[in-house]
Amino acid sequence: MTAGATPAAADPCRACGACCAYAADWPRFTLEDDAALARIPPAYVDARGTGMRCLGDRCAALDGEVGRATSCAVYELRPDVCRACLPGDEACTIARTRFGLAALDPPAANPHL
Ligand code: SF4
Ligand code: SF4
């Protein structure tokens with residue numbers, strides 16, 4: 001995920017957000033360096049500093065309603081795992097299925113890069 005400045009018609013994430021609300025252990029930190037992690041507002045970081053803070057399964061930085069209209073409050077600063085989940089990939093399909101959303105076709109291009 002998820003939505004940033006990409007026009008809605010070109011970014012299915014803007015009407016989704018499922019991967020950001022799938023599991024509390026998903027938006028974890030992996031290969032980010034200390035400088036990248038320091039830029040994420042502390043209010044969105046979990047108590048152990050190992051990933052994004054979640055409310056239940058939902059990332060605290062996710063705004064909006066899953067399956068309707070969503071955005072990421074830290075889009076430009078989001079962790080690597082968020083950048084790696086691509087519309088139409090396996091993780092995307094699993095997350096969308098959880099929320100009753102149809103799977104997407106694998107993208108010809110990643111709108112997030
Ligand atoms: S589940 Fe797929 S379409 Fe939905 S926000 Fe994540 S990457 Fe985008
Ligand atoms: S940081 Fe943003 S892109 Fe990553 S899970 Fe949270 S809301 Fe989604």
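Hi everyone, this is a short walk through one chain, from its overall layout to a few single residues. What we have is a predicted model, where local features need pLDDT of at least 70, side-chain atom pairs count only at pLDDT 80 or more, and totals for chains, interfaces and linings use all residues. Residues are numbered from 1 along each chain as its sequence is written, while chains are lettered from A and ligands numbered from 1 in the order in which they are written.

Let's start with the layout. The chain has three helices and four strands, and from the N terminus they come in the order α-β-β-β-β-α-α. Helices here (H or I, at least four residues) and strands (E, at least two) are DSSP runs, numbered from the N terminus. Of the 113 residues, 31% are buried. A residue is buried if 20 or more other C-beta atoms lie within 10 Å of its own, exposed if 12 or fewer, and partly exposed in between, with C-beta atoms placed from the backbone. Two residues are in contact if their C-beta atoms, placed from the backbone, lie within 7 Å. Among contacts between residues at least 6 apart in sequence, 59% join residues at least 24 apart.

Now to helix α3, residues 90–98. Which of its residues are buried? They are Cys92, Ala95 and Arg96. These three cover an arc of only 100° around the axis, so they sit on the same side of α3. That arc is taken from the directions from the helix axis to the C-beta atoms. After α3 comes Gly100, with a positive phi near 70°.

Ala95 deserves a moment. Ala95 counts as buried because 23 other C-beta atoms lie within 10 Å. Setting aside residues up to four places away in sequence, Ala95 touches Ala18, Cys19 and Tyr22. Ala95 and Ala21 are 74 residues apart in sequence, yet 8.1 Å apart in space, C-alpha to C-alpha. Ala21, for its part, contacts Asp57, Arg58, Cys59, Leu62 and Val66, leaving aside neighbours within four places in sequence.

Some of those names come back in the largest nonpolar core. That core has 22 residues, and Ala18, Cys19, Ala21 and Cys59 touch the most other members. A nonpolar core means a set of buried Ala, Val, Leu, Ile, Met, Phe, Trp, Tyr and Cys residues joined through C-beta atoms within 7 Å.

Next, the strands. β3 (residues 62–65) and β4 run antiparallel, joined by four bridges; strands pair if DSSP finds at least two bridges between them. Gly64 has Thr70 in β4 as its bridge partner. The two strands form a hairpin with three residues between them, and Gly67 in the turn has a positive phi of about 85°.

Is Ala73 buried or partly exposed? Ala73 is partly exposed, because 15 other C-beta atoms lie within 10 Å. Its contacts, leaving aside neighbours within four places in sequence, are Tyr44, Ala61 and Asp63. The C-alpha atoms of Ala73 and Ala61 are separated by 5.0 Å.
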